[in-house]
Structures are given as structure tokens and as C-alpha cells.
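These are my notebook entries on a single structure. I set out to look up its ring contacts, one of its strands and a patch on its surface.

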Amino acid sequence: MSETGGVREVKSAARTVELLELLAARGDRPARLQELADELDVPRSSMYALLQTLISRGWVRTDITGSLYGIGIHALLTGTSYLDSDPRVRVVRPYLDEASEALGETIHMGRLDGRDVAYLATRESHEYLRTISRVGRRLPAHAGALGKALLAERPDGDLPEGPYESLTANTRTTRDALAADLAEVRVRGYSVDREESVTGIAGFGFALRYDTPAQDAISCSVPVARLSAGHEERIVAVMREIRAKIEATVPGGGGSVHWRR
């Protein structure tokens with residue numbers, strides 16, 4: 001049995017979390033009982049009992065036949081509580097509005113979570129509206145502007161061995177290629193994603209250095225068809241200014257709780 005901080009892991013709790021994470025990762029693809037039992041290597045009867053418990057508490061939902069399972073509404077309520085209670089998200093939100101107003105482009109805030117970046121806040125461009133909000137979703141850190149800005153704050157020795165997942169033809173999928181890109185990020189002071197995570201979209205990422213190493217970052221996304229040299233210069237200038245304002249308003253006083261993550 002694994003241990004965390006010297007405390008033995010509770011197997012039933014770990015299994016519950018693994019199940020919820022699996023259902024969440026499937027998005028709009030509901031799963032059958034046997035699929036879940038096989039994926040988590042759990043006896044079918046045990047998985048059924050766990051699912052029924054979570055259904056009764058709103059963490060899992062099922063269809064009218066009782067044969068398909070998906071993530072439940074209580075996961076949304078918990079996620080919303082996380083965002084509402086995080087002091088840094090509260091500080092950053094008004095500055096995302098300011099950047100969006102100044103640039104007319106989509107602005108994000110994300111947080112490093114293992115090998116991924118979780119999107120915590122987004123202000124969508126009026127020129128380019130996504131049909132699905134990114135808030136609460138994850139993207140591999142090696143592929144996007146937010147992630148690369150945060151990876152550059154860490155030594156290259158922390159990078160996992162490749163190959164990495166390819167999201168587009170431009171994604172850097174080897175450790176050497178990513179390390180070379182991160183070296184440029186450190187010199188430049190911000191990251192650039194040129195159609196590495198989404199075809200047709202460029203991104204510019206800026207680590208927020210109120211933690212060491214930085215855990216949060218902001219970015220600006222723009223369709224490459226609208227990205228002139230002059231517009232890119234303005235994006236970088238505005239986002240640098242926004243980063244400076246955020247870092248000057250670090251949550252610290254007033255009894256704020258400083259969470260590890």
C-alpha cells in the first residue's frame with residue numbers, strides 16, 4: 001500500500017477518487033460497468049456497489065437503463081467551490097477582464113497540475129468564441145502557452161522522458177525539442193505556442209511569480225489569421241503589464257489561507 005507524507009493510503013478512498021477522475025476524463029462518453037471495472041482492475045460487484053453509492057450522493061449519474069455512467073452534478077458544485085474559495089483566482093479575474101478589454105482576444109488563467117495545466121478562468125474574445133468553455137479542463141503542459149510558461153520556471157531535469165502526446169503537427173513531442181523551446185522562454189520572458197495545442201491558434205503565456213516555482217500563469221490566445229507582427233507586439237506589452245499588476249497584488253494579508261495547490 002502506498003504512503004503519502006508517512007500516512008498509509010486508504011484504499012477505498014483512492015478507488016473512489018480514481019473512478020471519479022476516470023469518469024471526468026471521459027467527458028461526454030459515458031462508460032459501462034464492465035469498462036470501469038476493467039479499467040480500474042476492480043471486481044464487477046465491487047464496482048457496481050461503489051457506483052450505486054456515488055449515484056445516491058450525486059457524484060455519479062446513470063441513464064434511464066441504468067447501464068451507462070457519467071460524472072455527476074456534485075463534481076461541478078465542488079469544482080465551483082474550489083474556484084470561488086481560491087484567493088488568487090479572485091485577484092486575477094479583474095485583470096483578465098482588463099486584458100480582454102485592451103486586446104479583444106481570449107485570456108486564460110491556468111494552474112500546473114502534474115503534467116497538465118488546469119484552466120481556472122477564461123475571458124472569451126468577442127471575435128472568436130469557443131462553443132465549450134475551457135474552465136475546469138486540462139491540457140498537457142508541454143503543448144500550450146500556459147504550460148510552457150510554467151515548465152520554464154523549473155529545471156529541465158524535471159521534464160519527463162518523451163515521447164509526449166502530439167495535439168497538432170506543431171507539438172513538440174521530444175524532451176530535447178521541448179527543452180530547447182523552454183530555454184528560449186527563459187530568455188524571452190514568456191512562452192509562445194504557435195499552433196502547438198490547437199491548429200489555427202497562437203498563444204502567449206506569462207508565469208505569475210507569486211510562488212516559487214510559479215504554479216499559475218496567464219495567457220492570450222489569438223487566431224493566427226489575425227496575428228500581425230504589430231498585434232503580437234501589443235499582446236506581449238499588455239500581458240507583461242497585466243502580469244506586473246497581478247504580481248503586485250499578491251494575496252498575502254487579511255488572513256488568506258495559502259494552499260499548497
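Entry 1, aromatic rings. I searched the whole structure, which is a predicted model, and found 1 aromatic pair. The pair is formed by tyrosine 190 and phenylalanine 206, and I recorded it as stacked, at 5.3 Å centre to centre with 20° between the planes. I noted that this pair links distant parts of the chain, 16 residues apart. Tyrosine 190 lies in the loop between helix H7 (175-188) and strand E9 (191-194), whereas phenylalanine 206 belongs to strand E10 (residues 201-208).

I then looked up the accessibility of both residues. Tyrosine 190 has 11% relative accessibility, under the 20% cut-off, and therefore counts as buried. Phenylalanine 206, at 0%, counts as buried. I also found arginine 188 over the face of tyrosine 190, 5.4 Å from the ring centre.

Entry 2, strand E6. I asked how many of the residues of strand E6 (residues 106-113) are buried. The count is 7 of the 8, so the strand is largely enclosed by the rest of the structure.

I followed the pairing of E6 next. With strand E11 (residues 216-223) E6 pairs in the antiparallel sense over 6 bridges, and glycine 110 has alanine 217 as its bridge partner there. With strand E7 (residues 116-123) the sense is antiparallel over 7 bridges, and leucine 112 stands opposite valine 117. The hairpin of E6 and E7 has 2 residues between the strands, and in it glycine 114 takes a positive phi near 65°.

I recorded a nonpolar patch formed by Ile73, Leu76 and Leu77, with about 320 Å² of accessible area together. I placed leucine 77 in helix H4 (residues 73-85).

Notes:
Residues are numbered from 1 along each chain as its sequence is written. This is a predicted model: local features need pLDDT of at least 70, side-chain atom pairs count only at pLDDT 80 or more; totals for chains, interfaces and linings use all residues. Side-chain values use heavy atoms; hydrogens and water are left out. Patches are made of residues with over 30% relative accessible area and no salt bridge: like charges are joined within 9 Å, nonpolar side chains (Val, Leu, Ile, Met, Phe, Trp, Tyr) within 5 Å. Accessible areas come from the Shrake-Rupley method with a 1.4 Å probe; for residues, only the protein chains shown count as cover. A salt bridge is a side-chain nitrogen of Lys or Arg within 4 Å of a carboxyl oxygen of Asp or Glu. Helices (H or I, at least four residues) and strands (E, at least two) are DSSP runs, numbered from the N terminus. Rings of Phe, Tyr and Trp (its six-membered ring) pair if their centres lie within 6.5 Å; planes under 30 degrees apart count as stacked, over 60 as edge-to-face and the rest as tilted. Buried means under 20% relative accessible area, exposed over 50%, partly exposed in between (1.4 Å probe, protein chains only). A charge sits over a ring if NZ of Lys or CZ of Arg is within 6 Å of the ring centre and within 35 degrees of the ring normal. Two strands pair if DSSP finds at least two bridges between them.
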